[in-house]
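Colleague: Can you walk me through this one? I would like to start with a loop.

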Amino acid sequence: MIWTLALIAFWRYQMAGEFLIILILIFSIIIYSMTLRLKKAAMFSRKTETPKAAEPVAPVITEEKKPMPEQKLYTIIAKGTVFQGDINVEGDIQIWGKVAGNINVKDGVIRVMHAGQVEGELTAPDIIIDGFVKGICAANNLDILEHGELRGTSRCGSMSIKRGGIFTGQSEQVEHQAKSVAQQRVVSIKESSNANKDKVVAPVENQLKENKK
């Protein structure tokens, strides 16, 4: 279309046509050079671009939430602490300081450490003494370790003393106590039944004597 317009202008106006032809030639050369550069740039970019590797898709793993285990209570009487009064806790207790009072533990262990000192009554399923205790220890199991010392009464089902441990006082087994209490109850029941028999027999004899008269 451009060349046809240029020919028409050349036939009508020779001077204007020549000028227009020159402009068209220059413009066409510029367009051609730009298209060549764009093609070369496109080819070069295609060669340099490397295909991206497809990233592996990690499978989504849904972890089932497990219920958290119940944390056991833990009480510590620190070293250098002096406590006066009774202690009632659930769980284990470690005594590094000094306690003057009764200690009652449910479902746990009383541990009197090497620097610990207790004066009072200790009641727990298990008692471990590695310090100094003065008083009564009532437990299913009592262990006196190398540095432990107990002065008082031991009321336990089983007791062990390691070499170096000291026990001064009286030991009472829980099973023997239970048997003696049961025997006392049986004796008291027999005595009460005999007394009732005497009370019943006496009025019957009196009635027989009156009838004879």
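Modeller: This is a predicted model. Asp107 sits in the loop between strand E6 (103-106) and strand E7 (109-112).

Colleague: Is Asp107 buried or exposed there?

Modeller: Asp107 is exposed, as its relative accessible area is 64%; the cut-off for exposed is over 50%.

Colleague: And what is the phi of Asp107?

Modeller: Positive, about 55 degrees, although Asp107 is not a glycine. Most residues other than glycine have a negative phi.

Colleague: Changing topic. Which residues make the nonpolar surface patch?

Modeller: Ile22, Ile26, Ile30 and Met34 make a patch of about 380 Å². Of these, Ile22 belongs to helix H2 (residues 14-48).

Colleague: How exposed is Ile22?

Modeller: Ile22 is partly exposed, with a relative accessible area of 47%.

Colleague: Now the inside. Which residues touch the most other members of the largest nonpolar core?

Modeller: Ile95, Ile110 and Ile127 do, in a core of 22 residues. Elements giving two or more residues to this core include strand E3 (87-90), strand E4 (92-95), strand E8 (117-123) and strand E9 (126-129), along with E6 and E7. Strand E10 (132-144) and strand E11 (149-161) are also among them.

Colleague: Which element gives the largest share?

Modeller: E10, with five residues.

Colleague: Back to Ile95. What does Ile95 touch?

Modeller: Leaving out residues up to four places away in sequence, Ile95 touches Ile77, Ile103, Ile110, Arg111, Val112, Met113, Gly116 and Val118.

Conventions
Residues numbered from 1 in each chain as written. Predicted model: local features only at pLDDT ≥ 70, side-chain atom pairs only at ≥ 80, totals over all residues. Heavy atoms only, no water. Helix = DSSP H or I, 4+ residues; strand = E, 2+ residues; numbered from the N terminus. Buried < 20%, exposed > 50% of the residue type's maximum accessible area, 1.4 Å probe, protein only. Patch = residues over 30% accessible without salt bridge, like charges linked within 9 Å, V, L, I, M, F, W, Y side chains within 5 Å. Areas by Shrake-Rupley, 256 points an atom, 1.4 Å probe, with all protein chains shown as cover. Salt bridge = Lys/Arg side-chain N within 4 Å of Asp/Glu carboxyl O. Core = buried A, V, L, I, M, F, W, Y, C linked by side-chain atoms within 4.5 Å. Contact = heavy atoms within 4.5 Å.
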